[in-house]
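Q: Please look at the structure below. The questions that follow ask what each term rests on.

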Amino acid sequence: MKRNARLFAVVACALFAFVFMGAEKAKKPAAPKGEPIKAKIGVISYISGQGAAYGEAITNGIKLARDEVNAKGDVLIDLKIEDSSGKQEQALAAAQKLINSEKVVAIIGPTLSNEMFAAGPEANASGVPIMGTSTTAKGIPQIGKFVFRNSMPESQAIPAAAGQAVKKFNIKKVALLYGNDDAFTKSGFDTMKETAEKLKLNIVTIQEFQKGQADYKAQLTKIASLAPDAVFCSALYNEGGVILAQARKMGLKVPFVGGNGFNSPKVIEIAKEAAEGLIVATPWFGEKNDPKVKAFAAKYEKAFGKKPDQFAAQAYDAFYIMTNALKAAGAADRTKLRDALAATRNFQGVVGTFSFDAERDVVMTPSVLVVKGGKFAIFN
Amino acid sequence: MEWLNPYHLQVASFMLINAILGVSIYVTLSTGQLSLGNAGFMSIGAYTAALLSTQHQLPIPVGILAGSLLAGAAGILVGIPSLRLSGVYLAIATLGFGEVVRAVLINWESLTRGAVGIAAIPQVGRVILVWARDRGFSPESLGLQSNQFISLTVFLILLFSTLLTVAFFLRLSRSRVGRAYAAIRLDESAAAAAGIPTTYYKVLAFSQGALLSGFAGALFAHSTSFVSPGDFTYHRAVEILVFAVFGGSEHIIGPVFGAAFLTLVPEALRAISEYRYILYGILLVLMMVFRPQGVIDPALLRRFRRSGKGTPA
Amino acid sequence: MFLEQLINGITLGSIYAIVALGYTLVFGVLDIINMAHGEIFMIGAFVGMLIMSKAGAPLPVAFLGAIVVTAAMGLLLERFALRPLRGRPGASHLASLISTIGVSILLENVAHKIFGSGNHLFETPFAEISFTIGPVTVYLVQVVILLISLLLMAGLSLWLSRTRAGKALRAAAENLETAGLLGVDTNRMITTTVVIASAMGGVAGVLVGMAFNYINNQIGLSMGLKGLAIIIFGGMGSVYGAMAGGLILGLSETFVVAYGSSGYRDAIAFVAIIVILLIKPQGLFGQAPAEAKR
């Protein structure tokens, strides 16, 4: 037993030594001496892994905004970016690192709702404002008073799109198709079902698919055989593009109404002509005749070689919302920043006019778009 | 206590949960059975604990106990039919089991909420903080901020759990049970011929491994406060396997070391975290080719003890 | 709709059958499951895609390219991940299994690094051509896939039963040591087996691209696990078992989605594994192994 005690002692000591290695003095927030306000903002993003495309768009949007804001000079932001790979343990560890080792004043991210459910409570308990730019699940801002989001939830977007489509095409029968193994598409589906029921539509069938699937023939054949007037589809653009292409190929020509995941130029890229007629509600309309939007789109494309999507746009706006609140707070103080954020009203961003409601959730009007001529256009 | 960094405590906490998972696969491996279904058992423990604490407001320890026992029971259910299988067949069957559990978690929405997962699971540190505050205690009296207190509490609970687990199984390996396991691993027919009830011991090992996985799962649920089917995929099962394969599959310290090392390194080297799985893959192959028993094997341990004691073996 | 689903099922099933054949060949000779087979199949699909989309070459060249690359990967796999483990006193079957798991993880993530995680378009030039026979629409692509699969299966069977090399392989599958004593170059045999199996995976990869038009780096994982289900179901080491099992799985999956709940589609394969392993561990067509337990 003695030998093993030695072994334990060594292992335990190593563990303790590691844990207590984190010697760091607490830094006082920068006192505003004249100008500018200097602050560290942390970013938790899905940089490596299956969903890295989303994290990349988000991080790019934030970086673009950071460059613009720092160039202006009244706020200087030091961005600390951490990768969470879409895993909540990593998001939690990243949040801890940013909060305790980097001592950031606020966090933007994480990317997935899953990750926010793990990291959010921790940020809240530590008194650090955390804002999701792409987390749309139910219950996120309700985690705590330090948790915000500027990502329009499906529960606002889908009823808008579905409502207009039903009116325009006189839809009575609808088929529902969704990815049942992803929190985002699943909660999108929950909203679609609710919406269909509220609109008193006849749901002819509900079909499911899994992420990464390449073949939807079985589900689409079944749907086609029941002759619905439209298909409500909750999918991310990766699967959505393929579904559209295969549906059109097999002769299913009825209108498709998509959720947030479909609002991406990538859907058009993947599905090509099959994307024509896709209806989707979204906060982000890249082709809007608005100088702010056009300027952002042009700058983004120049810097990163592709058109910005909803993730990039919301992240870009989020950064501005954060820094505006920082200016209003007057100092890089976590609590003051939180209060200033909560008071954000009528912020003019590239996705439109934005406010936080009493529960730090999104107040925004979605645009309902349709794919026409290979591009998104307003649906009417 | 300025130097207590919740970030380090967080990483250490994950190391400890992974250590328990490492031991869970080690236990079944010690009877020569390779189970790739531990992610499935883990999910049973995690979801049980999550549901009991969120839907039924039962106290955390109840959920953890129930989760572990349920997983252990599942282990018996899986272990008995698996007696007919060995080696590769068993590995695949258990892999299949893990995937079936995951499919159930995704599809049985009325129970598990499907892919959306279960959020707002009471986090053991935060719960204890509230409980302590209600009794007039405040972490500031110890010189701690709230989040330091929370992380420290979680860490200490996990440390205690891990030490308990390791101590228990270390003791077990010295007992009659442990010797039976070793005998079965070396040569099952011989063990049976020698009168060892191999059936009983193999199922026992299986359920012990499952129970531990469930235990780790419940602890995981109560530390991250969110679970979803995506946390318990084939990749998780492989990760657990790598802890034991890399760390050492012939002594219990092996998987503990493997888990600690493989949790710490990607965290410390976040830059290479992108290449983590590529490195895991290469590591598995290299280990099998050059050192199949893992880094820590009995020979290494003997050398370590010898150098301490000063008496040559 | 039933006929269309039937055709869908048969197309899917024949691809599954080819993947399963790859597994069964390696298991028959080496007694190990090559967990990297699924990933090799995925690489075959990507190579085919690259050849057709980027180089603009015709389909046969895509097949050729996929075969060459995957065969080479099989060679490397055998040389570096399997051969060092043979003849080692301590290494068990588990060591080879784990080693191939390592390779599969490596390949999956390398592919992810190179190709990203999204769906890539796999364009077949004649994808639009279809015939309508009565109420049913059949696509030329589906016919081609079925033909190629049948040819491959027939070819393999003939090769195994008629040619010297094939017979040597069967001998090696029966008993490696004895085959060696009888003059079969076992190392060559093993290498040949792994190479052929991998090449078949490559062909299946191109077929999948043709069938579904979109490929991504995750298809290896799901195909791999299903391939396992098939050979366990059909009997490890049995060529006919792999073919039958593949067809049965393809049809079951399609019909479960068509007439049942599509959510459980992927779970079917695993439930099948478990059920078969419990009732008839040697599979439908497998022989009860010599030792008491397998």
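A: Two strands pair if DSSP finds at least two bridges between them. Helices (H or I, at least four residues) and strands (E, at least two) are DSSP runs, numbered from the N terminus. Strand β6 (residues 173–179) of chain A and β7(A) have seven bridges in the parallel sense, so they pair. The model is predicted: local features need pLDDT of at least 70 and side-chain atom pairs pLDDT 80 or more, while totals for chains, interfaces and linings use all residues. Residues are numbered from 1 along each chain as its sequence is written, and chains are lettered from A and ligands numbered from 1 in the order in which they are written.

Q: Which residue stands opposite A:Phe209 in β7(A)?
A: A:Gly179 stands opposite A:Phe209.

Q: What makes β7 and β15 of chain A edge strands?
A: The open sheet has seven strands in the order β7-β6-β8-β9-β10-β14-β15 (chain A), with mixed pairing. β7 and β15 (375–378) of chain A each pair on one side only. From one strand to the next, the twist averages 25 degrees.

Q: How do you know that β10(A) and β14(A) pair?
A: Four bridges join β10(A) to β14(A), in the antiparallel sense; the requirement is at least two, so the strands pair. In β14(A), A:Ser367 is the bridge partner of A:Thr282.

Q: What joins β14(A) to β15(A)?
A: Four bridges join these antiparallel strands, and A:Val371 stands opposite A:Phe376 in β15(A). The two strands form a hairpin with two residues between them. In the turn, A:Gly373 has a positive phi of about 60 degrees.

Q: Why is β14(A) called mostly covered?
A: A residue is buried if 20 or more other C-beta atoms lie within 10 Å of its own, exposed if 12 or fewer, and partly exposed in between, with C-beta atoms placed from the backbone. Five of the six residues of β14(A) are buried.

Q: Which strands does helix α5 of chain A lie across?
A: Helix α5 (residues 154–169) lies across β8 (230–234), β9 (256–258), β10 (279–282) and β14 (367–372) of chain A. Helix α5 runs at about 145 degrees to β10(A); such angles run from 0 to 180 degrees between N-to-C directions, with axes fitted to C-alpha atoms, for helices over the stretch in contact.

Q: Why are the buried residues of α6(C) said to be on the same side?
A: In helix α6 (residues 164–174) of chain C, the buried residues are C:Ala168, C:Leu169, C:Ala172 and C:Ala173. They cover an arc of only 140 degrees around the axis, which puts them on the same side of α6(C). The arc is that of the directions from the helix axis to the C-beta atoms. The face turned away from the buried side carries the exposed residues C:Arg164 and C:Glu174.

Q: What covers the buried residues of α6(C)?
A: The cover includes α1 (2–30), α5 (140–162), α7 (176–181) and α8 (186–212) of chain C.

How values were computed. Contact = placed C-beta atoms within 7 Å.
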